[in-house]
Amino acid sequence: MKTGISTDVFDTAVLRTELRLFRREPGALFWMLVFPTLLLVILGSIPSFREADAAYGGLRPVDAYVPVAVLLGLTVGGLQGMPQVLTGYRERGILRRMSATPVRPAALLSAQMAVCGGAALVSALLALAVGRLAFDVALPGQPVGYLLALLLAVLAALSLGAVLSALSRTTKIAGAVGSAALFPAMFCAGVWLPVQAMPDLLGRVVGWTPFGAAAQALNEAAAGDWPGWSHLAVLVAWTVLLTAAASRWFRWE
Amino acid sequence: MPVIEVTDLRKSYGGRPVVDGVSFAVEEGEIFGVLGPNGAGKTTTVECVEGLRVPDAGRVRVTGLDPVADHRRVAEVLGAQLQQSELQAKLTVREALELYAALHPKPADWRPLAERLGLGPMLNTRFGKLSGGQKQRLFIALALVGDPRVVVLDELTTGLDPRARRETWQLIEDIRAGGVTVLLVTHFMEEAQRLCDRIAVIDRGRVAALDTPAGLIRRSAGATVISFTPSAPLEEADLRALPELASADFKDGRVTLSGTDETVNAVVTLLARTRVTAHQLRVTDTTLDDAFLDLTEATA
């Protein structure tokens, strides 16, 4: 739907509403906010996960799983949460209804991104805090680099979610595509095998994916180094590419 | 200046013209009906008025503004109730009213509006739990909460039971009494006849007629129908020769004639002259239904 140039792409009343509605979704709250930290707690309760392991470069597995838990919330939110909500809004004419007001339906899109991105950050902080308090995992040695890598990862996840929302015509398709993409994304983020423990070639291939690059950047910053520019560049490149694709293909109805 | 002006509007989908040269003007304070069969192009027409679609050709003005180029200012003066749109299922009535009030620069106070529409007892009910009639009342409230000069109501009463429909009609009359111009899209004749000051009958993307409901009825051939069972057989030739007769039907001893008041007078005279009694005599005006069928068939 072309309705001229949009300047009203953000609205605080819409954001407040979307935040309120997000809090009413127990499923989204659990998978985005609780599940990543819960996984960390479960893995951390296994005694062998609390012993230093040469395969992890001398780290304990639980140390390596904190960045994984940090990425998990935004992976779930970007691939499953946001596309489901936005395709539902399109399917049920909620975006259309909003376009008959002085505010653009883009305000709903930006509010969803803000809520989803915010929840991903809260989820990340929770994982870091629980890791520190329960399992004595050191806080990131390079906090600024860590935050930068995390923010870029959130942007990449949101743009990926926007592409899924653009390409899925129904919530059913969004659900199927989101689930199909979730497992490779979680693999790249290191849910089954943290990237440090992956064989060299696999690690390098995974480093070209958004979540793999994010995992490597977070690991470097956690160890106290500035995250590699190549990893950050991969994240930025994905974000630019995916955002362009989403704005090219997104339909309001 | 008319509140809404549509001039030679055209819109095609995939090469198929859906709106093919529609023109009409809605004056301040009237209830203007857009009536037509399903797929006639009614909704596309009003979506161009609402700025939801960009016309291929023609001119649309709402209070002198272009709904596409001036979307924001048009949305401030025009409230819309859309066909087949919903709200977030877990949003309560109160939250929906507060949200939509916040989206407009000078909103009406939503509390008295909600009371007037009977939404008072369900302010804390979630949208997903409302009945069809309650949802429609909420959509009317959302269309009015921006304090508009004109509202567009598209198939508002479709899917409502007869009681809820009549209540909604009263609400529409109240809206107009409150000084708001109404553009009403419907395919219910009774609704158009009862509510509208003027009606544009749209058929296959064109305006087939534009008149008051009474005017539309008068236009149709055989606007008056007289039927009776004669006590003795009448000469069919005499009946066929009646002035301004549009149609005649003889079945099971019952005579049904349509024409004008002139035809009716001549029938009465004929009966008196032949001393025939008319049993079960009925004289009725044709409804907008018949007029509508005439108008839309004429282009077939």
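Contacts in chain B first. Take pairs at least 6 apart in sequence: 69% of those contacts join residues at least 24 apart. Keep in mind that this is a predicted model.

Now the overall numbers for chain B. The chain has 300 residues, and 42% of them are buried. Its secondary structure comes to eleven helices and 13 strands. The C-alpha trace spans about 75 × 45 × 35 Å along its principal axes.

Let's zoom in on one element, helix H5 of chain B. It runs over residues 132-144, 13 residues in total. From first C-alpha to last, H5 reaches 19 Å.

Which residues of H5(B) are buried? Start at Gln136(B) and Arg137(B). Then come Leu138(B), Phe139(B), Ile140(B) and Ala141(B). Leu142(B), Ala143(B) and Leu144(B) complete the list.

And what do those buried residues pack against? Two strands of chain B are on the list: E5, at 78-81, and E6, at 150-154. Three helices of chain B join them: H3 at 93-102, H4 at 110-116 and H6 at 162-177.

Last topic, the interface. On the chain A side, 21 residues are in contact with 26 residues of chain B. Which elements of chain A give two or more residues to that side? Helix H1, residues 12-22, and helix H4, residues 94-99. By residue class, the chain A side divides into eight charged, seven nonpolar and six polar.

That's the tour. Questions, please.

Conventions: Residues numbered from 1 in each chain as written. Chains lettered and ligands numbered in written order. Predicted model: local features only at pLDDT ≥ 70, side-chain atom pairs only at ≥ 80, totals over all residues. Helix = DSSP H or I, 4+ residues; strand = E, 2+ residues; numbered from the N terminus. Expected span 1.5 Å × (residues − 1). Buried ≥ 20, exposed ≤ 12 C-beta atoms within 10 Å, placed from the backbone. Contact = placed C-beta atoms within 7 Å. Nonpolar A, V, L, I, M, F, W, Y, C, P; charged D, E, K, R; others polar.
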